[in-house]
Amino acid sequence: MAMLYQTQLLAALGNKTKYLTELKKTFVRPLIQIAVKAIEQEHIEEGILDRISQKYNIPSEDVDEYFAAIFTILKTYLKYVSCSVKPAEFKQTLEELKLSPDCIEDLYTVISGQKKADLLAGLIKKTKFFPRLISCKWRIDVIISSNVLSRVLEPCIIMECIFDNGEAHTFELSLVQFHRLRHAVASILVEIQSLEQRNILKNIQHS
C-alpha cells in the first residue's frame, strides 16, 4: 500500500514536486496550520497567505504553490490511512521527495499526533470514500435437484463480501466466472508487483 500511496501522491502533486525542496521550516509551520484548518473545515482568515508572503518576503505565487503542496501531502495521506500506510512510510516518502528534515518532522507530527483523528473526521465530511473490503467468505454449493436440468450437480461458488460501512453483498459465481475473477485478481497483483519493482518514485525523480 505504501507504493500505491507514493504513486497517488506524485500524481496529485504534479508539477508541485519542484517546490518541495524550497520549503523551509520558518514558513512551513504556518502553512501547515492553515492546511490543518482547511481540512478540519475551520474558519481561515481572508488574506492569510498574502500576509505570510509579506512577512517572509516570498512571492505570493510561490506561497500559493507551497500551501497547495502541503495541503495535498496531508490530504492524500489521510485518504490512505485506512489502507495501512504507516506514518514511517509517510516519512520515508517525503524523504525521497527531498523535503528538508525539519519540514518532514513537522508534517510527521501532524499525521502521527492527536490531530490525526480530527483531520480524518474533517476530510470524511467533505470527501466521499468508497467502502473498504474487510472480509470475504465463500462456500461451494452443488445443486442436486432443479427444474433447470443443465445445472444439476454443477458446483457454484457463493461469496459474501463485508465492507467497513457495515454493508454485506452476497453473490453467486459459476466455475467459469470464478476462474475469470481469479485470473483478473492475479493479473492485478502481477501489475502491482511490476510497479513496485520499477520503483516509479525514484524513476520520476531522476528523469
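Predicted model: local features only at pLDDT ≥ 70, side-chain atom pairs only at ≥ 80, totals over all residues.

Q: How many helices and strands does the protein have?

A: There are ten helices and three strands.

Q: And in what order do the elements run from the N terminus?

A: Going from the N terminus, the order is α-α-α-α-α-α-α-α-β-β-β-α-α.

Q: Let's zoom in on some helices. At what angle do H3 and H4 pack?

A: Helix H3 covers residues 25-40, and its angle with H4 is about 175°. The two axes are 11 Å apart. Angles over 145 degrees count as roughly antiparallel, so that's the label for H3 and H4.

Q: Which residues make the contact there?

A: On the H3 side you have Pro30, Leu31 and Ile34, and on the H4 side Ile48, Leu49 and Ile52. By class, that's six nonpolar residues, with no polar and no charged ones.

Q: What about H4 and H5, how are those two arranged?

A: H4 is residues 48-55 and H5 is residues 60-79. They pack at about 120°, with axes 9 Å apart. That angle makes the pair oblique, therefore. The crossing of H4 past H5 is right-handed.

Q: Which residues meet in that one?

A: H4 brings Leu49, Asp50, Ile52 and Ser53, while H5 brings Ser60, Val63, Asp64 and Phe67. Sorted by class, this contact has four nonpolar, two polar and two charged residues.

Q: Let me pick Ser53. Is it buried or exposed?

A: Ser53, which sits in helix H4, is buried, because its relative accessible area is 10% and the cut-off for buried is under 20%.

Q: What does Ser53 touch, if you skip residues up to four places away in sequence?

A: Ser53 then touches Ile58, Pro59, Ser60 and Val63.

Q: New topic: how many salt bridges does the structure hold?

A: Four. One of them joins the side chains of Arg51 and Glu45, at 2.7 Å from N to O.

Q: Why can side chains like that pair up at all?

A: Side chains of opposite charge can pair when their charged atoms come close.

Q: How accessible are Arg51 and Glu45?

A: Arg51 is partly exposed at 37% relative accessibility. Glu45 is also partly exposed, at 46%.

Q: Which residue does Glu105 form a salt bridge with?

A: Its partner is Lys91, and the closest N and O atoms are 3.2 Å apart. The pair links distant parts of the chain, since Glu105 is in helix H7 (residues 101-112) and Lys91 is in helix H6 (residues 87-96), 14 residues apart.

Q: How accessible are Glu105 and Lys91?

A: Glu105 has a relative accessible area of 35%, so it's partly exposed. Lys91 is partly exposed too, at 24%.

Notes. Residues numbered from 1 in each chain as written. Heavy atoms only, no water. Axes fitted to C-alpha atoms, helices over the stretch in contact; angles between N-to-C directions. Helix = DSSP H or I, 4+ residues; strand = E, 2+ residues; numbered from the N terminus. Parallel < 35°, antiparallel > 145°, perpendicular 65-115°, else oblique. Left-handed = near helix turned anticlockwise from the far one by under 90°. Contact = heavy atoms within 4.5 Å. Nonpolar A, V, L, I, M, F, W, Y, C, P; charged D, E, K, R; others polar. Buried < 20%, exposed > 50% of the residue type's maximum accessible area, 1.4 Å probe, protein only.
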